Amino acid sequence: MYDIITFGSATRDINLKSKAFKITKDTSAGAGDKDFVTGEGICLSLGSKIDIDEIKYTSGGGGTNTAATFAKQGFKTAFCGAIGADEAGLRVVKELKDMKIDVRLLQKRKEKSTNQSVIISNGDGEDRTILAYRGAAELMDKNTISWNKLKTKWIYLAPLSGLLCDTFEEIVDFAKQNNIKVAINPSKQQLSLPIDQLKKIFQKVDILFLNQEEASFLTKVSFHEESEIFKKLDEMCPGIAVMTKGGEGVVASDGKYLYYASPNPDRKIVDTTGAGDSFASGFLSDYMRYNGDIERAIQLGLGNSEANLKEIGAKTGLLEKNAGFVRVPVTRQLCSENNLCITK
Ligand SMILES: Nc1ncnc2c1ncn2[C@@H]1O[C@H](COP(=O)(O)OP(=O)(O)OP(=O)(O)O)[C@@H](O)[C@H]1O
Ligand SMILES: [Mg+2]
């Protein structure tokens with residue numbers, strides 16, 4: 001029996017840093033007609049050879065990133081996902097084994113290469129851009145999952161795409177039928193499923209992790225209207241709903257209270273890759289260990305993401321079980337029935 005099985009992608013990441021990557025403002029015409037969706041671009045001169053200041057090989061993918069935290073936190077952990085029959089896949093397997101993550105549920109697929117990303121930044125502390133190749137991870141489907149081997153207390157679904165996204169509901173149903181608790185951090189593809197199907201799935205979910213944009217996309221409420229967002233999330237999900245807000249921290253609801261916390265003000269942020277994964281897996285670790293203690297869960301979530309964001313890579317810096325970290329204060333507000341919050 002595992003404590004937790006994570007589903008999702010496994011990737012090899014190449015991190016390239018160069019001062020030659022220039023950040024430019026998007027000067028293109030109309031609002032709906034931008035060359036760069038974020039309003040800024042990272043640019044290279046065409047036809048030249050560019051020197052790279054730093055190159056680092058790391059591993060990523062929501063399924064393995066979260067498995068890394070759970071294993072470090074002392075939980076018996078397995079990863080269920082697909083890799084290609086290639087060098088990158090071999091590295092993924094070795095790394096998982098080194099971290100004592102069980103790989104018996106892993107699939108090696110010949111049809112596609114292992115997922116790989118190139119992450120580029122100019123080292124100025126600006127955001128990074130990710131070039132993502134979505135390969136073998138998307139090939140896992142309901143017919144290839146060894147359902148009878150999923151003996152576990154918890155299932156964690158990292159963002160799913162491709163055929164694995166089509167299996168979303170089946171995995172949640174399987175968990176409910178077998179008394180397995182489920183935490184999910186759905187992808188945009190999952191959140192784009194028909195709303196009635198999503199509502200049915202969320203009824204069976206124990207913890208729902210979303211970032212602000214995802215919460216706003218799902219509820220169709222501007223992310224500034226937090227109370228309205230949580231009113232909708234609480235209706236959809238009787239379990240715990242958690243909304244992360246990047247550098248502004250997190251809000252969580254158990255339907256009775258809203259919990260708020262901000263990151264440690266003395267943090268040092270170097271690379272935000274894997275922020276969502278390190279937060280959610282840190283949160284869930286103490287949630288599992290302390291039988292649903294949300295305040296402790298938020299503190300470990302923030303502590304684990306802060307530790308992770310101090311270094312380049314989505315699996316670097318993650319906290320070991322019992323490691324010291326700054327516990328930030330968590331405040332709590334009672335939600336009345338009409339979801340007006342009263343400070344307790
Ligand atoms: N700039 C930051 N400073 C401090 N903490 C941060 C910062 N960015 C992210 N975090 C931490 O990581 C958590 C998750 O971040 P965020 O809301 O950006 O998730 P996300 O958008 O899902 O991330 P990802 O890009 O990994 O999917 C935050 O709640 C916070 O704890
Ligand atoms: Mg995320």
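**Exercise 1. A pair between a loop and a helix**

Task: Find where the side chains of K142 and E170 meet in a salt bridge, and state the N to O distance of the pair.

Solution. Step 1: the side chains of K142 and E170 form a salt bridge with an N to O distance of 3.1 Å, where the term stands for a side-chain nitrogen of Lys or Arg within 4 Å of a carboxyl oxygen of Asp or Glu. Step 2: K142 belongs to the loop between β10 (129–133) and β11 (152–157), while E170 belongs to helix α4 (residues 168–177), so the pair ties together parts that are 28 residues apart in sequence. Helices (H or I, at least four residues) and strands (E, at least two) are DSSP runs, numbered from the N terminus. Step 3: K142 has 41% relative accessibility and therefore counts as partly exposed, and E170, with a relative accessible area of 30%, is partly exposed as well. Here buried means under 20% relative accessible area, exposed over 50% and partly exposed in between, with a 1.4 Å probe and protein chains only.

Before going on, note that this is a predicted model, in which local features need pLDDT of at least 70 and side-chain atom pairs count only at pLDDT 80 or more, whereas totals for chains, interfaces and linings use all residues. Residues are numbered from 1 along each chain as its sequence is written, chains are lettered from A and ligands numbered from 1 in the order in which they are written, and side-chain values use heavy atoms, with hydrogens and water left out.

**Exercise 2. Further salt bridges**

Task: State how many salt bridges the structure holds, and describe the pair K25 and E40 and the pair K245 and E226.

Solution. Step 1: the count for the structure is 15 salt bridges. Step 2: K25 and E40 pair through their side chains at 2.8 Å, N to O. This pair links distant parts of the chain, with K25 in strand β3 (residues 22–25) and E40 in strand β4 (residues 40–43), 15 residues apart. K25 counts as exposed because its relative accessibility is 60%, and E40, at 32%, counts as partly exposed. Step 3: K245 and E226 meet in a salt bridge of 2.6 Å, N to O. Step 4: a network of salt bridges links K17, E54 and K56.

**Exercise 3. The surroundings of ligand 1**

Task: Which of the 16 residues around ligand 1 come nearest, and which polar contacts involve G249, R267 and G276?

Solution. Step 1: the nearest of the 16 residues are N211, T244, G246, R267 and G276, a residue being near if one of its heavy atoms lies within 4 Å of the molecule. Step 2: by class, this shell has six nonpolar, eight polar and two charged residues. Step 3: a nitrogen atom of ligand 1 lies 2.8 Å from an N or O atom in the side chain of R267, while oxygen atoms of the ligand are 3.1 Å from a polar backbone atom of G249 and 2.9 Å from a polar backbone atom of G276. Step 4: taken alone, ligand 1 exposes 630 Å², of which the protein buries 78%. Step 5: the elements that give two or more residues to the shell are α9 (275–289) and α10 (294–309).

**Exercise 4. Two backbone angles**

Solution. Step 2: K100 is not a glycine, yet its phi is positive, at about 65°. K100 lies in the loop between α2 (87–98) and β8 (107–109), and with 71% relative accessibility K100 counts as exposed. Step 3: N322, also not a glycine, has a positive phi of about 70°. N322 is placed in the loop between α10 and β17 (331–335), and its relative accessible area of 73% makes N322 exposed.

**Exercise 5. A threonine in a loop**

Task: Where is T167 found, and which backbone oxygen does its side chain reach?

Solution. Step 1: T167 is in the loop between α3 (163–166) and α4. Step 2: T167 is buried, with a relative accessible area of 2%. Step 3: the side chain of T167 reaches the backbone oxygen of L163 at 3.0 Å.

How values were computed
A polar contact is a pair of N or O atoms within 3.5 Å; within protein, one must be able to donate a hydrogen and the other to accept it, and residues adjacent in sequence count only if both atoms are side-chain atoms. Accessible areas come from the Shrake-Rupley method with a 1.4 Å probe; for residues, only the protein chains shown count as cover. Ala, Val, Leu, Ile, Met, Phe, Trp, Tyr, Cys and Pro count as nonpolar, Asp, Glu, Lys and Arg as charged, and the others, Gly among them, as polar.
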